[in-house]
Amino acid sequence: MSSPTILHGGGSGVPSGTAAPAPAASTPAPRGRRRERGREAALAWAFLAPSVAVFALFLLYPLGRTLYLSLHGNDIIGRPDRFVGLSHFAEMATPEFGGVLLTTLLFTLGVVVPGVVGALAVVLLLEGVVRGQRLLRGAFALPFAFSVASASVIFSVFYSPGNSVLNGILYQLGLDQVPWLTSQEMALWSVCVTTVWMNLGYGVLVLAAGIGSIPKEINEAARIDGATGPRLARDVTVPMLGPQLFFLVVISTINALQSFGQIHILTNGGPVGSTTTLVYSIYQYAFAYGTSDFGRASAQALVLLLVVLVCTAVQFGVLERKVHYA
Amino acid sequence: MTAAPSTSDPAARTPARGGAPRRGYRHGPGRLLGRAALYLALAVLLVPVLFPVYYVFAGALMEPRELASFPPRLVPDGLHPDNLLAALEAVPLLRMYGNSLVMAGVITVSQLVTSALAAYAFVFLRFRGSAVVFALFLSTLMVPGEATFIPNYLTLSGWGLADTYAGLVLPFLAYAFGTFLLRQSFRQFPRELYDAARMDGMGHLRFLWTVLVPLSRPALTAVGVYVFITSWNMYFWPLIITRSTSMQTLQIGLNSLKTGEAANPGLLLAGAALSVLPTLALVILGQRFIVRGLTAGAVR
């Protein structure tokens, strides 16, 4: 298993999505062969069964049940007790839910744009480093080890209004204190900063792997033509990183849409709902404060599902196209 | 000869990037300034990235009064275990450590087994609709967990599995990402070896277990490390499915530290430091595998 990528590219072309041609078993008699095939298929399904069972029970069935719940009202402990049609969806046309969507959008932008730009800046700068490049890349990747909870807890110390580290540093620099989590204007951006910090390492690893896959001849040729430093980065490296940058944008977007822990730990959706994103709103309706409003929460979960599906579909669509002429 | 000095040239250690000539031309103050700017920019980016990593351990080892001082201290004046001990006392962190370990361990092993079996079926076994089933497998990856958590919570509570290990792990015993990654790896397995093993009358399970798995260890490790880190770090699901402190995972315990004691920074940093040790070790020691697992979708 020395160099998978080379084997991969040089081998059978590997069109995505199609199954590998099965081994051409030179079985003797047609009847025996038929039975052999039947046994093979049975074995295949036996091998797939554990995965299929988990997907059916905890993915497919829940999707159906989410749809069912979204069309029903429920009693105080969350049991669906009446059909309400699409009224949960109609109720979303309120300024309140509009605010949730806007917060989700701002949060996503505030995480994806700095995250991708930052990761790109890091890998491009690292390209210019001759010695210690791997070590530095590893250092930039370290935050990846931190869970949402641990990162959020650390940043809550940084942000805490009393003896906070960040305000202390600002104080020593003679700058004004910042109400990191306590002001409606700042809180969302503070949560974004935490998220960007957590995710930067992932972006660096993805883009560094992309740079590693750029054929050396291309860099050599560009160098011989006199392109160095910033010009090499702008005219060669960044364009060649197109697919990885696109992948990173989509994955970061999906991750941002699903972010929950940092909001739960840092702000609980506040102050005054200013950090309540779609996922957090789902959580609040379903599980917080003992409301158990599974109907409304499920309707919102379907909205989330739809948004994520669109993002994924865009990714697959564009990537499929790219594969053909990359 | 011009070839001789290249061995003593430090830049020659990265031959693929065309070491020797790079140092040769375009010397001078402009280039030096460029270098300086490069390292300065890297430092400006690196400091905020590494500061939290440093501070979580530094702060965890400070004395409570050091943490309470303003402006805050950045370097502990000694190694004090007070915060660590207090954190362990405030919340049953060791028990939660165990819970996280059990949860992440079971999920990792289970996903490795289910993924390897499914990937084997897709690569080595012929059956009707293989391509369609694989596409369906992939489509499961598009569904965000948050869209299924409510029904899963209801199902598992209905089975009386809320606040149990089974409830923590059941929805995650299989995941198509591992199947996808292992399928890529199994496809590179030399077909002749497979045919030879089959000719010798070796059964599928035995071939999978004694030949394929040992030879696919890098891919399995990549999947394993990735699954372990992501499930160790899970937050939403453990938060809703567990109730008692004795069943909570470490990540939920961290939140309890925050809400329980009146935001004592020492406890929080100590808890975070303890919680991050295993994954930090994995990231430092197993970065090669992580890169492989993480970037599988990005690099073809």
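Biologist: How many residues of chain A are in contact with chain B, and what makes a pair a contact?

Modeller: In this predicted model, 92 residues of chain A are in contact with 92 residues of chain B, where contact requires C-beta atoms, placed from the backbone, to lie within 7 Å. Local features need pLDDT of at least 70, side-chain atom pairs count only at pLDDT 80 or more, and totals for chains, interfaces and linings use all residues. Residues are numbered from 1 along each chain as its sequence is written, with chains lettered from A and ligands numbered from 1 in the order in which they are written.

Biologist: Which helix gives the most to the side of chain A that touches chain B?

Modeller: Helix α2 (residues 30–70) of chain A does, with 19 residues, and that side of chain A divides into 63 nonpolar, 22 polar and seven charged residues.

Biologist: Why are α4(A) and α8(A) called oblique to each other?

Modeller: Helix α4 (residues 95–127) of chain A and helix α8 (residues 187–212) of chain A pack at about 40°, with axes 7 Å apart. Angles under 35 degrees count as roughly parallel, over 145 as roughly antiparallel, 65 to 115 as roughly perpendicular and the rest as oblique, and α4(A) and α8(A) are therefore oblique. Their crossing is right-handed.

Biologist: What is the angle between α4(A) and α11(A), and how far apart are their axes?

Modeller: α4(A) and helix α11 (residues 242–257) of chain A pack at about 145°, with their axes 9 Å apart, and α4(A) passes α11(A) in a right-handed crossing. By class, this contact has eleven nonpolar, five polar and no charged residues.

Conventions. Axes fitted to C-alpha atoms, helices over the stretch in contact; angles between N-to-C directions. Helix = DSSP H or I, 4+ residues; strand = E, 2+ residues; numbered from the N terminus. Left-handed = near helix turned anticlockwise from the far one by under 90°. Contact = placed C-beta atoms within 7 Å. Nonpolar A, V, L, I, M, F, W, Y, C, P; charged D, E, K, R; others polar.
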